[in-house]
Amino acid sequence: MLEASQKLKDEVLKRASEIEKDGYHQVILNIMYEEKQSRKDGASYKEILEWYKNEYGELAKFGVLVGKMNQQVTNGGFIQYFRNGYCDGNGVYASEIILHKELVVLFSQSGLNDETSLEVFKILQKFYIEIDEDFGEIVDNENYGEVINTEYLGDLDNAYYERCDEFMVILEQYFKNKIIKIGDLR
């Protein structure tokens, strides 16, 4: 079961006005975003995400991974999530989807077991990318390197869209409960 580190709790709770405006989950995303913006070393999304996990714990990493997935998918589908580098960590067209696999593992450890979350989890488990790698007889394959399972991804998009609003409400309550526990109020 994922738990909030004391450092994450402290950092989130000191941002009361942000919590009131944006919610607990968005504050977790904001902390990572601020770090990314302040870095001058050219660190990749994956490198900053690893720093974030080391600094604030796996719950924080889960918050960012699931939040960025939702933002990308609801803006342009799973294909945008892939193309913008939020599921593979490279920012390039790599079908390994390393960070997405980490999201699935962390989701499985989250303890989210309501019907909507379980449906979203199934959708995330089904996500994969298929790239056209066929040179074939024609060296000039205009689709080479492109995603070719777009219809499948469109079906996943639609399945996610049916649940995403309710899922975001559930996630907000989940992160709030992880940050503030009975007896932990200040």
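Cys164 has a relative accessibility of 8%, so this residue counts as buried. Cys87 is buried too, because its relative accessibility is 0%. How many disulfides does the structure hold? The number is zero. Keep in mind that this is a predicted model.

**The core**

In soluble globular proteins, nonpolar side chains tend to be buried together. Here, the largest nonpolar core has 55 residues. Which of them touch the most other members? They are Leu8, Phe62, Phe78 and Phe127. Helix α5 gives the largest share, with twelve residues.

Take Phe127 as a case. Leaving out residues up to four places away in sequence, Phe127 touches Phe78, Tyr81, Phe82, Cys87, Ile97, His100, Tyr152, Leu153 and Leu156. The buried Cys87 is thus one of the contacts of Phe127.

**Aromatic rings**

How many aromatic pairs are there? The count comes to 15. One of them joins Phe62 and Tyr174. Their ring centres are 6.2 Å apart and their planes meet at 85 degrees; over 60 degrees counts as edge-to-face, so this pair is edge-to-face. The two partners sit in distant parts of the chain. Phe62 is in helix α5 (residues 58–83), Tyr174 is in helix α9 (residues 164–179), and 112 residues separate them.

A second pair is made by Tyr128 and Tyr152. Their centres are 4.9 Å apart, with 45 degrees between the planes, and the pair is tilted. Tyr128 lies in the loop between α7 (115–126) and α8 (150–161), while Tyr152 belongs to helix α8. They are 24 residues apart, and this pair also links distant parts of the chain.

| Residue | Relative accessibility | Class |
|---|---|---|
| Tyr128 | 36% | partly exposed |
| Tyr152 | 27% | partly exposed |

Rings also gather in a group. Phe62, Phe107, Phe121, Phe167, Tyr174 and Phe175 form one aromatic cluster. Another ring has a charged neighbour: Lys7 lies over the face of Tyr56, at 5.5 Å from the ring centre.

**Helix α6**

Which residues of α6 are buried? They are Leu99, His100, Leu103, Val104, Leu106 and Phe107. Their cover includes α4, α5, α7 and α9.

Gln109 is also found in α6, which runs over residues 98–109. Gln109 has a relative accessible area of 33%, so this residue is partly exposed. Not counting residues up to four places away in sequence, Gln109 touches Met1, Leu2 and Glu58. Gln109 and Glu3 are 106 residues apart in sequence, yet 9.9 Å apart in space, C-alpha to C-alpha. Just after α6, Gly111 takes a positive phi of about 85 degrees.

How values were computed: Residues are numbered from 1 along each chain as its sequence is written. This is a predicted model: local features need pLDDT of at least 70, side-chain atom pairs count only at pLDDT 80 or more; totals for chains, interfaces and linings use all residues. Side-chain values use heavy atoms; hydrogens and water are left out. Rings of Phe, Tyr and Trp (its six-membered ring) pair if their centres lie within 6.5 Å; planes under 30 degrees apart count as stacked, over 60 as edge-to-face and the rest as tilted. Helices (H or I, at least four residues) and strands (E, at least two) are DSSP runs, numbered from the N terminus. Buried means under 20% relative accessible area, exposed over 50%, partly exposed in between (1.4 Å probe, protein chains only). A charge sits over a ring if NZ of Lys or CZ of Arg is within 6 Å of the ring centre and within 35 degrees of the ring normal. Contact means heavy atoms within 4.5 Å. A nonpolar core is a set of buried Ala, Val, Leu, Ile, Met, Phe, Trp, Tyr and Cys residues joined through side-chain atoms within 4.5 Å. A disulfide is a pair of cysteine sulfur atoms within 2.5 Å.
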